[in-house]
Amino acid sequence: MSLIREERPEDAEAVHAVLVAAFGREAEARLVERLRASGKIIFALAAEEKGLVLGHMVLSRIAGESSGSEVPVLALAPLAVMPAFQRLGIGSALVSAGLERCRMERHARVLVAGDPGYYGRFGFVPASRFGLKCPFPVPEEAFMAIELEPGAFAQVSGVVRYGHEFEDLE
């Protein structure tokens, strides 16, 4: 079983390799680099086995709106596992550990754009149930939310604002 731990500065090259291998392109690796540079990462977790980084997940700061003012929301993006190690529970372990840490640190809201079948297992539901819209083109059912505190999205609605870091992900 992989060790799930906080990302370290010396992981940057290995994390880049995981992201490129998992997504088959550079966009997600650039996203993580931009999020690091902007200071918007709340935390990033790495899955390590025998000294090798096999998976990675980022939770970063984005914003929702409530009565014209910003409400803090976290984005789970990206989540990646080296292709040869996918379907072994590494991604699930990263998501579970990330959500648990969010609860411990009193983060109330998390959004993700991804496979509803996968993220639904962790309690994510379509964000449209809360009146939320994704600012970039994804199927409505793939833009999902989880309330880590009951009623966390009650006053949030409309289009969620992701930072400029997410701009080239189509």
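This is a predicted model: local features need pLDDT of at least 70, side-chain atom pairs count only at pLDDT 80 or more; totals for chains, interfaces and linings use all residues.
Figure 1. Residues are numbered from 1 along each chain as its sequence is written, and side-chain values use heavy atoms, with hydrogens and water left out. Helices (H or I, at least four residues) and strands (E, at least two) are DSSP runs, numbered from the N terminus. E7 has a relative accessible area of 16%, so this residue counts as buried; buried means under 20% relative accessible area, exposed over 50%, and partly exposed in between, with a 1.4 Å probe and protein chains only. The side chain of E7 makes a polar contact of 2.7 Å with that of R36 and a polar contact of 2.7 Å with that of H56. A polar contact is a pair of N or O atoms within 3.5 Å; within protein, one must be able to donate a hydrogen and the other to accept it, and residues adjacent in sequence count only if both atoms are side-chain atoms. When neighbours within four places in sequence are left aside, E7 is in contact with V15, R36, A44, L45, A46 and H56, where contact means heavy atoms within 4.5 Å.

**Figure 2. Packing of helix α1 (residues 12-23) and helix α2 (residues 27-38).** The two helices pack at an angle of about 145 degrees, and their axes are 8 Å apart; axes are lines fitted to C-alpha atoms, for helices over the stretch in contact, and angles run from 0 to 180 degrees between N-to-C directions. Helix α1 contributes A12, V15, H16, L19, V20 and F23 to the contact, and α2 contributes E28, A29, V32, E33 and R36. A12, which lies in helix α1, is partly exposed at 31% relative accessibility. Between A12 and A29 there are 17 residues in sequence and 9.6 Å in space, taken C-alpha to C-alpha.

**Figure 3. I62 and the largest nonpolar core.** A nonpolar core is a set of buried Ala, Val, Leu, Ile, Met, Phe, Trp, Tyr and Cys residues joined through side-chain atoms within 4.5 Å. The largest one has 29 residues, of which I62, L111, L132, F143, Y162 and F166 touch the most other members. Two or more residues each come from α1, α2, β2 (41-49), β3 (52-66), β4 (69-81) and β8 (143-147), and β4 gives the most, with five residues. A second, separate core of 23 residues includes F43, L99, M144 and L148. Not counting residues up to four places away in sequence, I62 touches V71, P72, V73, L74, A75, L111, V160, R161, Y162 and F166.

**Figure 4. Strand β8 and its pairing with β5 (residues 109-113).** Because four of the five residues of β8 are buried, this strand is largely enclosed by the rest of the structure. Strand β5 pairs with β8 in the antiparallel sense over five bridges, and M144 in β8 is the bridge partner of V112; two strands pair if DSSP finds at least two bridges between them. Strand β6 (residues 125-126) also runs antiparallel to β8, joined by two bridges, with V125 opposite A145.

**Figure 5. G123 in the loop between α4 (116-120) and β6.** G123 is partly exposed, with a relative accessible area of 37%. Apart from its neighbours within four places in sequence, G123 is in contact with A145 and I146. G123 and F43 are 80 residues apart in sequence and 20 Å apart in space, C-alpha to C-alpha.
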